[in-house]
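Colleague: Pick a single part of this one and take me through it closely, please. Then tie it to whatever else is worth a look in the model.

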Amino acid sequence: QHYIFPSGGNGLFLVVDEKGTFREDNFHRAVSALSSGSDNADTEKKKGAKGKQKKGSSGSDVHKIVRLIMERNYDPVIVFCFNKKEC
């Protein structure tokens, strides 16, 4: 199974199921969530002067992903993060 978590998003999108079938509908939902920009604007408002998130914010995307994984018992998993500041 392969999931996508769009940057600034709040959910996971199943794009390849357990049978290896590509779920195009979910892929398009993930891409539209990425391109909407509304979630990213909210995240940018919570950041401080150096790009780090303020204490009251909900956490980075990596923390959101890990929390979702633990809540839904999706472990074990491999998470790829391409942002040095998030890791």
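Modeller: First, how I name the parts: helices are DSSP runs of H or I with at least four residues, strands are E runs of at least two, and both are numbered from the N terminus. With that in hand, I'd go for helix α1, where S32 sits. Before we zoom in, this is a predicted model, so local features need pLDDT of at least 70 and side-chain atom pairs count only at pLDDT 80 or more, while totals for chains, interfaces and linings use all residues. Residues are numbered from 1 along each chain as its sequence is written, and side-chain values use heavy atoms, with hydrogens and water left out.

The overall layout is quick to give. There are 3 helices and 2 strands, and along the sequence they run β-β-α-α-α. The protein has 87 residues, and 25% of them count as buried (under 20% relative accessible area; exposed is over 50%, partly exposed in between, with a 1.4 Å probe and protein chains only).

Now to α1 itself, which spans 24-36, with a loop between it and β2 (13-16). Start with the charges. R29 and D25 both belong to this helix and are 4 residues apart, about one turn. They form a salt bridge (a side-chain nitrogen of Lys or Arg within 4 Å of a carboxyl oxygen of Asp or Glu), with 3.6 Å between the closest N and O atoms. D25 has another partner in R23, at 4.0 Å from N to O. Put together, R23, D25 and R29 make a network of salt bridges. What about their cover? D25 is partly exposed, because its relative accessibility is 39%.

Next come the nonpolar side chains. F22 is in the loop between β2 and α1, and together with F27 and V31 it makes a nonpolar surface patch of about 250 Å². Patches here take residues with over 30% relative accessible area and no salt bridge, joining nonpolar side chains (Val, Leu, Ile, Met, Phe, Trp, Tyr) within 5 Å and like charges within 9 Å; the areas come from the Shrake-Rupley method with a 1.4 Å probe, and for residues only the protein chains shown count as cover. F22 has a relative accessible area of 46%, so it is partly exposed, and F27 is partly exposed too, at 31%.

The structure holds 2 aromatic pairs, meaning Phe, Tyr or Trp rings (for Trp, the six-membered one) with centres within 6.5 Å; planes under 30 degrees apart are stacked, over 60 edge-to-face, the rest tilted. Y3 and Y74 are a stacked pair, 5.1 Å centre to centre with 25° between the planes. Y3 lies in strand β1 (residues 2-4) and Y74 in the segment after α3, so this pair ties together parts that are 71 residues apart in sequence. Y3 is partly exposed at 31%, and Y74 is partly exposed at 29%. As for F22 and F27, the ring centres are 5.6 Å apart and the planes are at 50°, so that pair is tilted.

Back to S32, which is partly exposed at 41% relative accessibility. S32 and P6 are 26 residues apart in sequence, yet their C-alpha atoms are 9.2 Å apart in space.

Finally, have a look at α3 (residues 61-72) for comparison. R67 and E71 are 4 residues apart there, about one helical turn, and they form a salt bridge at 3.9 Å between the closest N and O atoms. R67 is partly exposed at 40%, whereas E71 is exposed at 54%. In total the structure holds 3 salt bridges. D61, also found in α3, is buried but has no salt bridge: the nearest side chain of opposite charge is K64, 4.1 Å away (Lys and Arg count as positive, Asp and Glu as negative; His and the chain ends are not counted). Still, the D61 side chain does have a polar contact of 3.3 Å with that of S7. By that I mean N or O atoms within 3.5 Å; within protein, one must be able to donate a hydrogen and the other to accept it, and residues adjacent in sequence count only if both atoms are side-chain atoms.
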